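Thanks for coming, everyone. I'll keep this brisk. Please have a look at the structure first.

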Amino acid sequence: MTETTNQTGALPLPDRASQILAQARTMMDDLHLGPVQRWKAANPDGLAIGYMPVYVPRPLFEAIGCLPVTIFGGGDQVDIIRGDSYFQSYICHIPRSAIELGLNGHLNCLDGMVFPSLCDVIRNLGGMWKMLFPDRWSSYLDLPQNFALHLGGKFYGQELKRIARELHERGAKAYDPEALRQAMRNENRRRLAINVLDDLRRSEPWRLPASDLYVLLRAGGLMPALDHAELLEEFADAVRSRPARPFDNVRVVLVGAFCEQPPLDLIRTLEKSGCDIVDDDLQLGLRYIESAMDAEAADPLEALANAFIQFGAATASRYIGTAEKGAALLEKVKATKADGVVFAAASFCDPALLDQPMLEAALDRASVPFTSFKFSENTGQFQVIREQAGAFSDSVKLWGTVQ
Amino acid sequence: MKCVVGIDLGSTTTKAVMLDESGQIVGKGITNSRSNYAVASAIARDEALTNARFSLLDRALGRSTHADAVQARALENDLLSAFRLELYLDELVYLEERVMALLQIWSPSPLRDAVTAATTDLLADMQHTAPDLFLGGVERKSDFFRDIAGQAFVQGAERVCAKSDVPFERLVGLFDRAILDVETRVQARDFGVLLPTAVARVAVARKVSAGVRAVLDQAARDAAAEPVEEVALAGTGYGRQTLPFPKEAVRSEILCHGRGAHRVFPGTRSVLDIGGQDTKAIQVDQNGVVTSFQMNDRCAAGCGRYLGYIADELNLGLHELGPLALKATRMIRVNSTCTVFAGAELRERLALGQAREDILAGLHRAILLRAMSLLARSGGIENEFTFTGGVCKNPMATKLLKELVVDNYGEHIQLNIHPDSIYMGALGAAMFALDDYNAGHPSLMPTVQTGARSQPAPLFDASCA
Amino acid sequence: MSTALPVRNRPPVSLRPATAKDSSQDRQKQMIADHYEKLAHAKENGQKVVYTFVPGNLTELLQALDLLPVLPEINALQSGMRQKSAGYIAEAEKAGHSEDVCTYVKCDIGMLKSGNFGPTGTKLPEPDLLLLSYTGCFTFLKWFELLREEYKCPVVMLHVPYQPDGKISPEMREYVVNQLRDEVIPALEKLSGKKLDMDKLKEHLDLSRQAEDDLVKVWESAKHKPSPIDGYFGGVYYIGPIFTSFRGSQDAVEYYRELRAECEARILRNEGPQTPDGLMGEQRYRLVVEGPPNWTSFPDFWRMFAKEGAVVVASTYTRVGGLYDTGFRHDSSQPLETMADYCLGCYTNLGLPTRVDLLERYIREYEADGFLINSVKSCNSFSAGQLLMLRQLEQRTGVPGGFIESDLVDPRYFSKANIENRLQSYFQMIDARRLRVSA
């Protein structure tokens with residue numbers, strides 16, 4: 001693939017925004033988790049805890065002196081040998097590369113792994129991890145699917161306490177409510193910074209293409225929330241002064257890539273095909289809690305649990321409860337003034353692919369055009385997607401719908 | 001001599017190996033697989049028997065250090081070519097018979113007459129030029145009748161069509177139809193007739209002295225006269241489910257490949273076999289007994305067939321891919337080995353301006369990565385490691401495999417590749433046949449009706465000499 | 001008014017040829033026929049219908065409230081056996097469902113779209129409630145979201161936490177019990193229009209325990225050589241009543257008593273189990289099997305084993321609707337807690353290390369010659385990680401493992417030649433290793 005760092009009209013000046021982007025890109029591409037190693041060198045008492053997508057309660061980890069590290073697999077740059085040896089052809093790609101990285105020693109700087117309940121594959125990967133790495137701490141995190149505060153909320157609070165207890169037994173700090181409040185404040189600040197950038201990509205997508213925002217957010221999986229918030233804030237200031245010219249693209253919401261991530265080139269392919277991605281569920285964990293957490297609560301742990309229960313994003317791995325299926329997506333389309341939806345699910349992704357027909361039906365009822373394709377993290381061919389996305393954006397532009 | 005036979009019926013070729021009672025390999029043979037498995041097996045067996053007879057002949061000639069015997073022995077390759085020529089000529093006669101029979105079905109017309117005349121002309125010419133094909137000193141790319149005769153027929157058809165109104169497609173169509181009949185016939189091989197005839201032809205063609213001729217005649221008579229009794233049979237292979245053998249004679253290809261590889265390289269603990277239709281990773285113990293195995297799943301990604309598609313897409317011969325890939329200056333990363341999309345992937349990359357060699361290198365690597373996964377799934381690679389199957393003849397594949405083995409399992413793993421690795425399955429089967437024989441419950445190959453030798457082929461005439 | 005023919009004239013599964021049958025099998029057929037008969041007339045009889053799943057089913061509770069269960073998984077597997085699933089799956093895929101996902105779901109959706117005719121050919125009643133007992137399988141959650149879209153009926157969710165370490169913590173139990181008490185039972189009471197009678201629930205729980213005792217004896221009978229049962233192919237029939245609508249009923253108690261007696265009688269006669277081709281002959285290989293079977297070619301699949309003399313002495317698929325041979329029994333003295341423990345203990349709700357432990361135990365206790373994984377494309381809950389389980393078990397037990405692939409009800413993923421090829425290689429490998437050991 002030919003590399004161009006600037007796809008959408010902004011001039012390649014060595015401005016501060018571009019520097020930050022380049023820095024984030026380097027972090028994202030570092031399969032040996034260099035940023036985490038550096039954090040550990042600077043925080044010798046801290047533990048680095050990896051976690052699989054989508055959501056984990058990051059502030060809890062930070063509160064007990066741990067760095068939560070998002071493991072998004074190996075992208076398209078890892079030779080998969082042993083990873084493939086453990087999975088049949090009909091299973092998605094991210095567990096293969098996660099295992100490959102683990103067995104290759106790429107994840108050696110991690111002191112533990114968390115496998116949140118997302119789907120059966122990631123759940124079972126947690127069990128495999130215990131067998132493959134018996135000497136390292138790892139845990140399944142059972143996120144509740146019952147959203148009554150006194151039922152699911154209570155259970156989840158107990159899960160959080162268990163995690164904190166187990167990590168404390170392995171050298172993390174003891175749980176301290178004030179430390180958690182501070183971590184939640186930091187996370188809230190990061191969330192605000194993301195919101196600012198989200199607003200920018202919606203109002204001036206040519207100035208901040210989704211692919212750039214994606215790279216910026218990837219850095220967030222490798223650093224504390226406060227550091228990331230500051231980085232994003234600095235970027236937001238810098239990027240506004242970056243010269244850019246508007247493009248005439250269609251506005252789309254991208255849905256389905258909440259766990260296994262598409263190659264960056266795939267996101268860029270969509271942009272080059274005439275789609276401004278004004279919302280997406282890429283790296284959903286960072287945006288999962290859709291409202292500020294109550295960082296001043298008397299019992300911050302309960303507040304953290306309740307935030308999951310009350311403000312969790314409507315995504316495929318979360319039971320919809322009594323809400324109407326697809327309503328959240330339609331709301332998003334409306335709020336972002338999107339022209340259509342692009343479903344991009346990882347091949348063999350149960351949650352995304354089982355969810356999709358219901359979302360499509362909701363879009364149909366509301367006459368919102370959509371298109372769909374599948375990918376895997378190491379997809380190397382974009383020709384078909386380019387054509388499909390191009391045809392989609394053209395037809396939406398011409399007719400406002402898909403003919 | 002009592003012997004046992006092992007047959008490996010593959011998707012593209014059928015192999016046979018013959019062992020004597022002591023377990024020594026006395027013959028091996030190969031033919032192209034065809035619609036009739038029984039015929040393919042019988043022909044492979046006959047090829048192995050031919051190979052065995054020639055071994056006998058070689059042994060007989062090797063016993064003497066007399067100058068005539070030494071000279072005679074130097075003519076062995078010619079003798080084999082002459083022997084093949086006899087078989088070829090016999091097949092040609094049958095081919096003509098079938099073509100004429102097919103033409104009989106056509107309704108009489110000027111076209112039929114023209115085609116009949118052209119075919120007669122063409123076949124006569126093939127017969128005439130055949131000796132040169134076999135004894136002209138040019139190396140044959142294949143010993144399969146379909147390949148040699150097909151090439152000669154197409155060349156001949158181009159020639160006769162250029163000077164007549166006969167449509168080329170009609171002629172080739174006739175061949176394509178008739179060859180099916182020829183290929184489903186088992187040729188009788190009477191060594192008592194064929195060997196002396198071959199000797200006579202070589203004697204004339206190579207102008208041998210009377211003394212050498214006498215030595216050759218005697219050796220041929222002896223080799224043909226040695227009774228060879230087939231006492232047991234075992235079969236395996238891709239078409240195992242419909243093998244033309246009794247159920248008791250059928251052995252798992254996994255067991256056969258593992259055992260064959262272990263026999264040839266007794267230090268073998270891990271075996272990788274990449275064939276046309278599947279890839280197998282096998283672990284064996286110190287006795288060659290399979291302890292674990294894995295085969296690729298229902299998806300054929302990463303098998304030899306994948307390279308076949310790539311070769312077709314590039315309009316290259318399969319054997320040309322490896323050497324071309326070796327010329328790569330960089331390795332393009334290819335993440336998919338999906339056979340269905342092989343062509344599309346290649347075209348897209350070529351369109352991007354990537355070099356053919358570099359893409360090929362990446363494609364080879366992708367296949368080998370799949371194979372490495374399968375090996376890991378079966379338990380990894382233990383020293384020694386033996387690579388078999390059609391793809392082990394590909395130099396790029398073996399180069400990459402060596403690198404990957406070192407990277408993933410270290411320098412200490414010895415990689416074995418044998419020039420006869422294609423016979424490993426048949427060899428393993430033959431060893432099982434010998435077990436059966438020694439245990440007193442051998443199976444035998446059902447008799448396949450052999451087609452009578454049509455008529456003595458014209459030996460030679462003065463113009464040949 | 002129903003125009004359907006009397007159900008009992010139509011055997012639900014015409015699998016076995018007319019060889020000597022066990023009378024327990026006739027009893028089961030009758031039970032199933034009666035159940036579908038009840039379902040066929042549910043609406044006119046004013047009975048409420050609850051759709052729910054096999055793992056973590058709350059049959060005793062439904063019985064205590066006179067609610068009738070329908071199990072979509074059973075419908076899907078029956079559609080597979082009746083060669084209807086390919087069409088149903090195509091129907092669902094046409095409607096936008098991905099080729100990649102669970103074929104049980106697609107088969108069920110396709111059946112619904114094709115008129116919802118059940119295994120006996122009569123139309124199934126629509127659900128009055130979907131009881132989403134989310135136990136051990138993520139897809140269940142999506143499945144009932146999809147059905148809710150179709151039926152527009154209420155759903156009640158019971159989230160059963162996963163047991164990653166093979167231990168039920170007090171928090172897990174409490175979470176399930178609280179959901180049962182605060183949400184599930186009130187929803188079911190509202191539907192049935194009556195208050196839950198705890199004594200009645202306890203009676204059903206006691207009946208469950210009796211059947212469970214006998215079922216465990218049936219499983220353990222396979223320790224005898226020759227095994228009087230096939231714990232996988234035959235086993236899927238043995239679990240029929242207890243995994244579905246009948247656990248907690250007197251019928252089930254009698255079925256399992258009879259089944260156990262049949263097994264004991266076969267042991268006395270040194271007899272093997274029935275197979276599609278009659279009584280099994282010499283048992284050459286004792287196998288432990290992990291993973292669900294294929295349903296579309298079930299008899300052929302079974303024959304591939306039976307004709308080689310392979311008998312399955314224990315399997316994990318027959319533990320998906322309840323794991324009893326590690327000691328769990330329904331206990332009427334703590335009704336809600338025992339239902340919670342039942343749900344939590346279903347096989348696919350157990351972490352992979354626990355599954356490996358269980359398989360190892362089966363391999364040793366049942367003196368297996370080998371263990372085999374049938375990896376089905378549909379079911380990631382089962383399948384993801386099975387190749388590691390294979391390696392671990394080989395290392396721990398030294399018993400050779402085998403691996404085949406198929407699917408539950410999608411015939412596109414059942415390649416007879418491919419499976420037969422691997423199986424025969426596998427059996428011959430066991431033979432070769434035996435020779436080596438004896439040499």
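Keep in mind that this is a predicted model.

Let's start where chain B meets chain C. Across that interface, 8 residue pairs are in polar contact, with both partners at pLDDT 80 or more. Which elements of chain B give two or more residues to the side that touches chain C? They are helix H9 (253-264), strand S8 (290-295) and helix H13 (356-378). The largest share comes from S8(B), with 6 residues. By class, this side of chain B has 8 nonpolar, 9 polar and 8 charged residues.

Now the extent of that contact. Chain B puts in 25 residues, and chain C puts in 22 residues. Together the two chains bury about 2,000 Å². Carbon and sulfur atoms account for 48% of it. And how many salt bridges are found across the interface of chain B and chain C? The count is 0.

Next, chain A against chain C. Here the contact takes 51 residues from chain A and 53 residues from chain C. The buried area is about 4,500 Å², and carbon and sulfur atoms give 60% of that. Three residues to look for on chain A are A:Met131, A:Tyr319 and A:Leu354. They supply 17% of the area that chain A buries against chain C, more than any other three residues.

What about charges? Between chain A and chain C, the count is 5 salt bridges. One example joins C:Glu174 to A:Lys154. Their closest N and O atoms are 2.4 Å apart. Polar contacts are there as well: 30 residue pairs between chain A and chain C, both at pLDDT 80 or more.

Which elements of chain A give two or more residues to the side facing chain C? We have helix H6 (120-132), helix H7 (149-169) and helix H14 (350-365). H6(A) gives the most, with 9 residues. Sorted by class, the residues on this side of chain A are 26 nonpolar, 13 polar and 12 charged.

How many disulfides does the structure hold over all chains? The answer is 0. Take A:Cys349 as a case. Its nearest cysteine sulfur belongs to A:Cys259, 6.4 Å away.

C:Cys137 is in no disulfide either. The nearest cysteine sulfur there is that of C:Cys379, 5.9 Å away. Is C:Cys137 buried or exposed? It is buried, with a relative accessible area of 14%.

One last stop, back on chain A. Find A:Arg181, in helix H8 (residues 177-203). Is this arginine, A:Arg181, buried or exposed? A:Arg181 counts as buried because its relative accessible area is 16%, and the cut-off is under 20%. Which residues does A:Arg181 touch, leaving aside those up to four places away in sequence? They are A:Ala295, A:Glu296, A:Ala297, A:Ala298 and A:Pro300.

To recap, the predicted model has 5 salt bridges between chain A and chain C, and 0 across the interface of chain B and chain C. Over all chains, there are 0 disulfides. That's my tour. Thank you.

Key
Residues are numbered from 1 along each chain as its sequence is written. Chains are lettered from A and ligands numbered from 1 in the order in which they are written. This is a predicted model: local features need pLDDT of at least 70, side-chain atom pairs count only at pLDDT 80 or more; totals for chains, interfaces and linings use all residues. Side-chain values use heavy atoms; hydrogens and water are left out. Contact means heavy atoms within 4.5 Å. Buried area is the accessible area (1.4 Å probe) that two parts lose on being put together, summed over both. A salt bridge is a side-chain nitrogen of Lys or Arg within 4 Å of a carboxyl oxygen of Asp or Glu. A polar contact is a pair of N or O atoms within 3.5 Å; within protein, one must be able to donate a hydrogen and the other to accept it, and residues adjacent in sequence count only if both atoms are side-chain atoms. Helices (H or I, at least four residues) and strands (E, at least two) are DSSP runs, numbered from the N terminus. Ala, Val, Leu, Ile, Met, Phe, Trp, Tyr, Cys and Pro count as nonpolar, Asp, Glu, Lys and Arg as charged, and the others, Gly among them, as polar. A disulfide is a pair of cysteine sulfur atoms within 2.5 Å. Buried means under 20% relative accessible area, exposed over 50%, partly exposed in between (1.4 Å probe, protein chains only).
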